[in-house]
Amino acid sequence: MKGFIVRFVSNMIALWLTVRIGQALGLQMRLGPEKGGGAFSVVVSAAVAVVALGLANTFLGRLIKMAAVPLNCFTFGLFGLVVNALMFLLVGSGILEGFRVKGFLAGLYGSVVMGALSSIINQLVSPKGTD
């Protein structure tokens with residue numbers, strides 16, 4: 001249970017960092033309400049977005065990846081990046097109030113950078129011996 005909470009919080013931090021860096025690069029990404037709201041609303045938006053991303057990747061992402069195995073083999077696995085970008089775009093398309101991603105490039109950036117940051121943060125903070 002402790003490991004799950006650590007991974008969940010590290011994914012929230014990774015999402016927040018991804019959006020902040022993406023905004024600095026000029027990508028159309030937002031975490032938190034459009035108007036008003038403080039740090040608490042950003043934390044809640046990040047938590048809801050992480051849960052939604054996890055559910056989308058677990059169910060819909062796996063179905064798409066299984067259906068696209070021939071295309072994934074043909075592109076040497078690069079199509080998996082496209083599927084992950086589409087899942088990031090799907091969750092950020094307006095389904096959630098506090099998380100917006102506009103454009104395929106922003107979705108591709110978000111999926112790659114969040115995956116990398118999440119992996120790095122998890123390696124740094126995860127308790128050893130728990131999974």
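Q: What makes up the lining of the largest pocket by class: how many nonpolar, polar and charged residues are there?

A: The lining has 7 nonpolar, 8 polar and no charged residues. Here Ala, Val, Leu, Ile, Met, Phe, Trp, Tyr, Cys and Pro count as nonpolar, Asp, Glu, Lys and Arg as charged, and the others, Gly among them, as polar. The model is predicted: local features need pLDDT of at least 70 and side-chain atom pairs pLDDT 80 or more, while totals for chains, interfaces and linings use all residues. Residues are numbered from 1 along each chain as its sequence is written, and side-chain values use heavy atoms, with hydrogens and water left out.

Q: What makes a space a pocket here and not a cavity?

A: On a 1 Å grid over the protein atoms alone, a cavity is a set of points where a 1.4 Å probe fits but cannot get out, whereas a pocket is an open set with protein on both sides within 12 Å along at least five of seven lines; lining residues have an atom within 4 Å of a point. The largest pocket has a volume of about 310 Å³, a volume being the space filled by probe spheres set on the points, which are joined across faces, edges and corners. Of its 15 lining residues, Leu53, Gly54, Asn57, Met114 and Gly115 are the closest to the centre.

Q: Which helix gives the most to the lining of the largest pocket?

A: Helix 5 does, with 6 residues. Helices (H or I, at least four residues) and strands (E, at least two) are DSSP runs, numbered from the N terminus.

Q: Which residues line the second largest pocket?

A: They are Phe4, Arg7, Phe8, Asn11, Val50, Val51, Ser118 and Asn122. Helix 1 gives the most, with 4 residues, and the pocket holds about 170 Å³.

Q: Why is Leu90 called partly exposed?

A: Leu90 has a relative accessible area of 33%, so it is partly exposed. Buried means under 20%, exposed over 50%, and partly exposed in between (1.4 Å probe, protein chains only). Leu90 lies in helix 4.

Q: Which residues touch the most other members of the largest nonpolar core?

A: Of its 26 residues, they are Leu15, Met29, Phe88, Val91, Phe99, Val101 and Met114. Such a core is a set of buried Ala, Val, Leu, Ile, Met, Phe, Trp, Tyr and Cys residues joined through side-chain atoms within 4.5 Å. The largest share of this core, 7 residues, comes from helix 2.
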